[in-house]
Amino acid sequence: MNKKEVKLNNYGYACINMELAYPPKGVQRVTTGRSMIKRTYLAKGNSYASEITLKNAMDLDKIVDWNILNGYNFFRITSTLAPWKSLYNWTDLPDIDKIRQYLHSAGTKATTHGLRLTTHPGPFNVLTSPHKHVVENCVADLTYHGDMLDMMKLSRTPYNKINIHIGGAYGDKPGSLERFCKNFELLPESVQSRLTIENDDKATMYSVEDLYHGIYNRIGVPIVFDYHHHRFCDGGLSEREALEMAMSTWPKEITPVVHYSESRSLEKEDPKIRPQAHSDFVYQYINTYGNRVDIMIESKMKEKAVAKYLQLHG
């Protein structure tokens, strides 16, 4: 194990801060996960959506403060900061000025203190889809993420990435890859400039090599290497080969991002759990083969998983 290599990299966590979201009794909870079902939105409208979004933005600002104070330099912002955003415009929210204020505050602090902020929109974002309405919904959701990062004054580069899986293969990988490249043109600059793509966890889907030749070589979108997914869809490459192929797609001035998780099935010693499911903590040494990367640890215990990993290996 190379402890120097461990210290070379930044380690991040996604969306929820466990310490703040589940505090001791009597301490106010801090979370960006407030949401509502669609029926509630239709009943209460934009004023309620605005109220929730403002609270989430205020708490994002607090989470950024916590990360800076506690030495966490990498964090993924929730994709549901503004619930049901596809059903309204930002300017429809009565509290939009205050929302902008808190997003700008969080972004300015992050930039000043070297805290890397990124996003990972959900699996329904499918630019490979042959269905027009699915692509339109995808463009709308990705645009929301671009708008949010713009309000935070974050860079229009993959440093502040918007990361997605490219979507289904539909029994025709070449045709699906072609559609992705064509539909990429529908995205605004706020998204195109930040977009990254990730390898999949099913053998029938997209490996790093598929993404490299089918997307990166054509339109230059960087690849995020997911260690856990590679175990199920390796494209004939070793872990090191896939990692370094993905890394080669990033601009030289920007540290590549990788994702790391381990199998919940193994952690819980329960073969009934899908092997792709993420564990609470990670235990194995993350081998970056001497490369510098920012590592998003995708474990259920969030920042606590990062802290435990560094205790084990730091």
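Predicted model: local features only at pLDDT ≥ 70, side-chain atom pairs only at ≥ 80, totals over all residues.

Reader: Which residues of helix 8 are buried?

Author: Buried here means under 20% relative accessible area. In helix 8 the residues that count as buried are Val 208, Leu 211, Tyr 212, Gly 214 and Ile 215.

Reader: What do the buried residues of helix 8 pack against?

Author: Two of the partners are strands, namely strand 5 (195-198) and strand 6 (223-226). The others are helix 6 (173-184) and helix 10 (239-247).

Reader: How many aromatic pairs does a search of the whole structure find, and what kind is the pair of Tyr 212 and Tyr 216?

Author: The search finds nine aromatic pairs. In the pair of Tyr 212 and Tyr 216, the ring centres are 5.3 Å apart and the planes meet at 35 degrees. Planes under 30 degrees apart would count as stacked and over 60 as edge-to-face, so this pair is tilted.

Reader: Why are Tyr 212 and Tyr 216 separated by about one helical turn?

Author: An α-helix has 3.6 residues a turn, so residues three or four places apart point the same way. Tyr 212 and Tyr 216 both belong to helix 8 (residues 208-219), and their separation there is four residues.

Reader: Is Tyr 216 buried or partly exposed?

Author: The cut-off for buried is under 20% relative accessible area. Tyr 216 has 22%, so Tyr 216 is partly exposed.

Reader: How far apart in sequence are the parts that Tyr 227 and Tyr 260 tie together?

Author: Tyr 227 and Tyr 260 form an edge-to-face pair, with 5.5 Å from centre to centre and 70 degrees between the planes. Tyr 227 is buried at 1% relative accessible area, and Tyr 260 is buried at 1% as well. Since Tyr 227 lies in helix 9 (residues 227-230) and Tyr 260 in strand 7 (residues 257-260), the parts tied together are apart in sequence by 33 residues.

Reader: How wide is the arc that the buried residues of helix 4 cover?

Author: The buried residues of helix 4 are Ile 96, Ile 99, Leu 103, Ala 106, Gly 107 and Ala 110. They lie on the same side of helix 4, because their arc around the axis is only 100 degrees.

Reader: Which residues are exposed on the other side of helix 4, and what covers the buried ones?

Author: The cover over the buried residues includes helix 3, strand 3 (116-119) and helix 5 (132-151). On the other side of helix 4, the exposed residues are Asp 97 and Thr 112.

Reader: Which ring does the charged end of Arg 116 sit over?

Author: The charged end of Arg 116 is 5.9 Å from the centre of that ring. The ring belongs to Phe 74.

Conventions: Residues numbered from 1 in each chain as written. Heavy atoms only, no water. Phe/Tyr/Trp six-rings, centres within 6.5 Å; stacked < 30°, edge-to-face > 60°. Buried < 20%, exposed > 50% of the residue type's maximum accessible area, 1.4 Å probe, protein only. Lys NZ or Arg CZ within 6 Å of the ring centre and 35° of its normal. Contact = heavy atoms within 4.5 Å. Arc of directions from axis to C-beta.
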